[in-house]
Amino acid sequence: GNHNGMKADEIAIIGMCGRFPGATDIDGFWENLRDGVESIVTFSPQELAEAGVDPAVLADPTYVPAGSVLEDIDLFDAAFFGFSPREAESLDPQQRIFLEVAWHALENAGYNPEAYPGLIGVYAGCAMSSYMDRLQSNPAFMAMLGYLQVYIGNEKDYLATRVSYKLNLRGPSFNVQSACSTSLLAVAVAADALVNHQCDMALAGGICIRVPSKAGYYYEPGGIYSPDGHCRVFDERAQGVVFGNGAGVVVLKRLKDAVADGDAIDAVLKGWAVNNDGAFKQSFTAPGLSGQADVIMRAHQRARVNPESISYIETHGTGTSLGDPVEIAALTQAFRTRTKKKRFCAVGSVKTNVGHLDPAAGVASLIKTVQALRHKQIPPSLNCANPNPAIDFAKSPFYVNTRLTEWKCGKRPRRAGVSAFGIGGTNVHIVIEEAPALAQRESSRTYQLLTLSARSASGLETAASNIIDYLDRNPDVDCADMAYTLQTGRKAFHHRLAVICQDPADLI
C-alpha cells in the first residue's frame with residue numbers, strides 16, 4: 001500500500017473551511033469534537049420570547065426548546081464582496097456566509113483564484129430560505145429592496161453561481177440537492193468532475209441556516225425529532241435528532257496534480273459511490289437497508305480497498321430506534337462480503353455533538369473525519385451509554401467509540417468511511433485515507449519575507465493576529481512554506497505589511 005502507485009482517479013482534499021455550532025473555524029470544531037463537547041443548547045423561556053416565540057407555544061408540553069446555533073449569522077463583510085448594504089440585507093444568510101466560507105476555503109488551500117490558470121468548479125447545496133419568509137412579512141421593506149432582488153438573494157439555485165461570480169471562478173457551477181445527503185453528494189459530484197477533467201480544482205460543500213436560529217420544535221412520537229434535545233445515536237434511548245445550523249466547504253484537486261504542485265494535502269478520497277433506495281422500503285422517508293449496503297460496497301470497489309483495512313466509519317447516524325439498526329446492518333452486510341473479523345472498526349456520529357445540519361451534515365461528517373486523520377485520534381461519539389439492543393455489535397465488525405482514542409494503524413495508512421443518507425433515498429458513501437507523507441524540501445534561505453494585505457487597517461491587524469493564533473496552534477510550521485503561500489496564494493489588497501523572520505518564534 002505505498003503511495004507511489006497513485007491511481008489516476010484519486011482526489012486530494014487540499015483545503016477546508018467550516019463554521020459549526022460552538023466553533024467559528026475547523027480547528028475550534030476539532031477541539032470541541034476531541035474534548036467531547038455537545039454544542040446543542042437549551043434555550044431559556046426569556047431567549048425564546050425575545051426571538052418572538054409565542055408564549056402559548058412555550059407552554060405546549062411537546063415543544064422542545066433546543067437547537068444548535070451558529071454564532072454571528074447577522075454579520076457579513078458586504079463591502080469585501082462588493083455588495084451595497086441594501087443588497088446585502090436582501091440576501092439569505094446562507095448565501096452570505098457560504099460566500100465567506102468559500103473564500104476562506106480557497107485561502108486555506110493556498111490559492112488566489114485570480115492567479116490560478118485552471119478551471120475551478122463549485123458544487124454545493126443549502127436549505128430552503130426561511131429568511132425569505134421574514135422579509136415577506138415586512139411589505140414596506142420588500143418594496144424598498146425590490147422583489148426581484150429579494151427573490152434572487154433567497155433562491156437556493158444561486159448559491160453556487162454567486163460564489164463563481166464573486167470569486168471569478170470559471171469551472172462548472174451548480175447546486176446539488178438531495179436533502180440530508182446534499183453536501184456529501186456535492187463532494188462526490190465534484191470528485192467525478194475532476195476525474196473527468198471538467199475542472200482542475202473544485203469547491204464542494206453545503207450550508208444550513210434557518211432563522212430565527214433560537215427556536216425549538218415539536219416532538220412527535222415515532223418521528224425524527226428528539227424528545228429531550230439530545231442526539232443519542234446507537235443508544236437504547238435514541239428517539240430522534242435535533243436540527244441545527246452549520247456550513248462547510250472542502251477544496252478538491254486530482255491527487256497527482258496536488259502532489260506535483262506541492263499542495264498541503266489534508267486527506268485523499270480513494271473511492272465514492274451514490275445510489276438511491278428506490279421503492280423497496282417502508283416509506284419515502286424510511287431508510288433502506290439494501291440501498292445503504294449497496295452504496296458502501298460500490299465505494300469499496302471503486303476505492304479498491306478491503307473493508308478490513310478501514311478502521312473508522314463516520315456514520316450518517318439517524319439517531320432513531322429504527323434507523324440506527326438499519327445503518328449498522330447495512331454496514332455489516334457490506335463489510336462481511338470481504339472479512340469475518342469482529343469489533344475492529346470504530347463508529348461514531350458528529351450529530352451527537354452538533355445535531356443534524358441537514359444539507360450541511362455530510363460535509364460536517366467529512367471535515368470531522370479528515371481532522372481525525374490529521375490528528376491521528378478518533379474523537380468520542382456522545383450520548384451512547386447503553387447500545388441499542390436491536391444492534392448486535394458483538395457479532396459485527398463495529399464498536400461505538402465513546403472516548404477519545406489514539407488512531408492506531410499497522411503498515412497500512414489510516415482509512416475511514418463517511419456516510420450520508422438523504423430522506424428520499426439518495427445514499428452517498430466516501431472512502432478516505434490519510435495524506436501521503438511527502439518529501440520535505442530543504443529551505444534555501446536563513447531569512448523569510450512574509451507579506452500580508454487587507455482591505456482596511458483593522459482588517460490587516462486581524463490578519464496579523466490570525467497568523468499569531470495559527471503559529472500558537474502550529475509551532476512547527478515551516479516559515480518558508482508560509483512565506484510562499486502568503487506571497488503566491490493570496491489576493492493582494494491595499495493595506496500591506498511585510499515581516500522578515502527566521503522562525504515562528506521570531507515571526508510572532
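A salt bridge here is a side-chain nitrogen of Lys or Arg within 4 Å of a carboxyl oxygen of Asp or Glu. The model is predicted, so local features need pLDDT of at least 70 and side-chain atom pairs count only at pLDDT 80 or more, while totals for chains, interfaces and linings use all residues. Residues are numbered from 1 along each chain as its sequence is written, and side-chain values use heavy atoms, leaving out hydrogens and water.

Searching the whole structure turns up 28 salt bridges. One of them joins Arg304 to Asp9, with the closest N and O atoms 3.0 Å apart. The two partners sit 295 residues apart in the chain: Arg304 in the loop between helix H12 (289–303) and strand E11 (312–314), Asp9 in the segment before strand E1 (11–19). Helices (H or I, at least four residues) and strands (E, at least two) are DSSP runs, numbered from the N terminus. Asp9 is buried at 17% relative accessible area, whereas Arg304, at 47%, is partly exposed; buried means under 20%, exposed over 50%, and partly exposed in between, using a 1.4 Å probe and protein chains only.

Lys253 pairs with Asp261 in another salt bridge, the closest N and O atoms being 2.8 Å apart.

Asp266 lies in the loop between helix H11 (255–260) and strand E10 (267–276), and Arg374 in helix H15, 108 residues away. Finally, Glu10, Lys270, Arg415 and Glu433 are linked in a salt-bridge network.
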